[in-house]
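Please read them with the sequence and the model side by side.

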Amino acid sequence: MLNVNDLNVYYGGIHAIKNISFQIKKGEIVSLIGANGAGKTSTLHAISGLVPIKSGEISLSGENVTNIDAYKLVSRGMAHVPEGRRIFTELTVLENLEIGAFTRNDTDQIKKDMEHMFSLFPRLAERKKQLAGTMSGGEQQMLAMARALMSNPSLLLLDEPSMGLAPLLVQEIFNIIVRINKEENVTVLLVEQNANMALSIADRGYVLETGKIILEGTGKELLTNPEIKKAYLGG
Ligand code: ATP
């Protein structure tokens, strides 16, 4: 579904992403893990057209989408839930969801999908008219995910969904990610500092270190790899 080939990203003189290549097959959950500054967010931003690519190629469902504008990628089935959620704080839950469907004009289906989001995220259903900025961190994460799903994506990019959330909520968010993948048939690329959780739900994972992929494997292989345990899983 997604092919990333020899990707290089620079910020001025800083070489942030160095010849990264990886693939995601339809239906998979793939996790990208790594320490602060390893280049996880930069990789997602490059894929979704938010930072320019110096060299390399990205293809989505067989089509070259390298350096395509971010909003065009949404129509092609890619949705991005950014780090820090970036919901519209001054708008209601309902309005945020409506904006998520901005590329679509199938009004009846949008209404049905919105109802479906409320069944997938019951906490949002109770808060339809609430201003998004007044919701808790976990609720805002749910809203950011639901807003992304309103574009009807086949590939969902999630940047640090667990950031700043209490352990119980982290578990809830990860359960929802698995449901989105299994029940909604959405392929998932997950970037996380919480390597334990990210690898435990992943079919496969990649480990980034200073802009390079240093290891790849199934979620299980990486979870039991002694080096990964020591560096990323707390012992
Ligand atoms: P974190 O988990 O802390 O968000 P990350 O793995 O997502 O880290 P990136 O945010 O992709 O890492 O950063 C990779 C490198 O690129 C870092 O050295 C960072 O300082 C640098 N970088 C990221 N964005 C910019 C920018 N806009 N301008 C200059 N340097 C940047």
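**Notes on the predicted model**

1. Strand E10, which covers residues 212–218, is joined to E9 by six bridges, and the two strands run antiparallel. Please bear in mind throughout that this is a predicted model. Within this pairing, Leu-208 has Ile-213 in E10 as its bridge partner.

2. The ring centres of Phe-22 and Tyr-206 lie 5.3 Å apart and their planes meet at 50°, so the pair is classed as tilted. Phe-22 belongs to strand E2 (residues 14–24) and Tyr-206 to strand E9 (residues 204–209), so that the pair links distant parts of the chain, 184 residues apart. Both partners are covered: Phe-22 is buried with a relative accessible area of 1%, and Tyr-206 is buried with a relative accessible area of 0%.

3. Strand E2 leads on to a sheet, which is open, has four strands in the order E2-E1-E4-E5, and is paired in antiparallel fashion. Its edge strands are E2 and E5 (63–64), each of which pairs on one side only. At the E5 end, two bridges join that strand to E4 (residues 55–60), again in an antiparallel arrangement, and here Leu-60 stands opposite Glu-63 in E5.

4. Helix H1 deserves a separate look, since it is mostly covered, with six of its eight residues buried. The buried residues in H1 are Lys-40, Ser-42, Thr-43, Leu-44, Ala-46 and Ile-47. After H1 comes Gly-49, whose phi is positive, near 80°.

5. Which residues come nearest to the ligand? Of the 14 residues around the ligand, these are Asn-36, Gly-37, Gly-39, Thr-41 and Ser-42. For Asn-36, a polar side-chain atom lies 2.7 Å from an oxygen atom of the ligand, whereas for Thr-41 a polar backbone atom is 2.7 Å from an oxygen atom of the ligand. In the case of Ser-42, an N or O atom of the side chain is 2.5 Å from an oxygen atom of the ligand.

6. Is Ser-42 buried or exposed in the protein? Its relative accessible area is 11%, and because buried means under 20%, Ser-42 counts as buried. Ser-42 is placed in helix H1, which spans residues 40–47. Apart from its neighbours within four places in sequence, Ser-42 is in contact with Tyr-11, Ala-16, Ile-17 and Val-51. One point to keep in mind when reading the accessible area is that the calculation covers protein chains only.

7. Two placements of a lysine over an aromatic ring may also be checked in the viewer. Lys-54 lies over the face of Tyr-10, at 5.5 Å from the ring centre. The charged end of Lys-128 sits over the ring of Phe-118, at 4.7 Å from the centre of that ring.

Definitions and conventions: Residues numbered from 1 in each chain as written. Predicted model: local features only at pLDDT ≥ 70, side-chain atom pairs only at ≥ 80, totals over all residues. Heavy atoms only, no water. Buried < 20%, exposed > 50% of the residue type's maximum accessible area, 1.4 Å probe, protein only. Contact = heavy atoms within 4.5 Å. Phe/Tyr/Trp six-rings, centres within 6.5 Å; stacked < 30°, edge-to-face > 60°. Lys NZ or Arg CZ within 6 Å of the ring centre and 35° of its normal. Pairing = 2+ DSSP bridges. Near = heavy atom within 4 Å. Polar contact = N/O pair within 3.5 Å; in protein donor to acceptor, adjacent residues only side chain to side chain.
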